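Here is my note on the model below. Please read it with the structure open.

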Amino acid sequence: MARLPLDAGLGGILVDDMGLGKTVQTLAAVLRARGNVTLTTTVVVVYPASVVGNWVEEAARFAPGESVVAVE
């Protein structure tokens, strides 16, 4: 199994709007890292403006304990 970037102590996530489930996968990776206490800092996700609304909705649905700030 490949190591997640978060496991290595650094990471970057580039998201597109292809609808392949990357939003939920990214949220799951962040929650996993937070649950393992390996991630204690802010996470920045870069994505196209076309998916801002979707990201906010999906985060509220799948990661309700996380604070999400959308900056366009």
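Is T23 buried or exposed? The points below start there.

1. Basis. This is a predicted model, where local features need pLDDT of at least 70, side-chain atom pairs count only at pLDDT 80 or more, and totals for chains, interfaces and linings use all residues. Residues are numbered from 1 along each chain as its sequence is written, and side-chain values use heavy atoms, with hydrogens and water left out.

2. T23. T23 is buried, because its relative accessible area is 12% (buried means under 20%, exposed over 50%, partly exposed in between, with a 1.4 Å probe and protein chains only). T23 sits in helix α1, residues 22-35 (helices are DSSP runs of H or I, at least four residues, numbered from the N terminus). Setting aside neighbours within four places in sequence, T23 contacts N54, W55 and E58 (contact means heavy atoms within 4.5 Å).

3. F62. F62 belongs to helix α2, residues 52-62. F62 is partly exposed, with a relative accessible area of 36%. Not counting residues up to four places away in sequence, F62 touches V24, L27 and L31. F62 and T23 are 39 residues apart along the chain, and their C-alpha atoms are separated by 9.7 Å.

4. Core. The largest nonpolar core has eight residues: L27, V45, Y47, V51, V52, W55, A59 and A63. Helix α2 gives the largest share of this core, three residues. A nonpolar core is a set of buried Ala, Val, Leu, Ile, Met, Phe, Trp, Tyr and Cys residues joined through side-chain atoms within 4.5 Å.

5. V52. What does V52 touch, not counting residues up to four places away in sequence? V52 touches Y47, A70 and E72.

Note on methods: Helix = DSSP H or I, 4+ residues; strand = E, 2+ residues; numbered from the N terminus.
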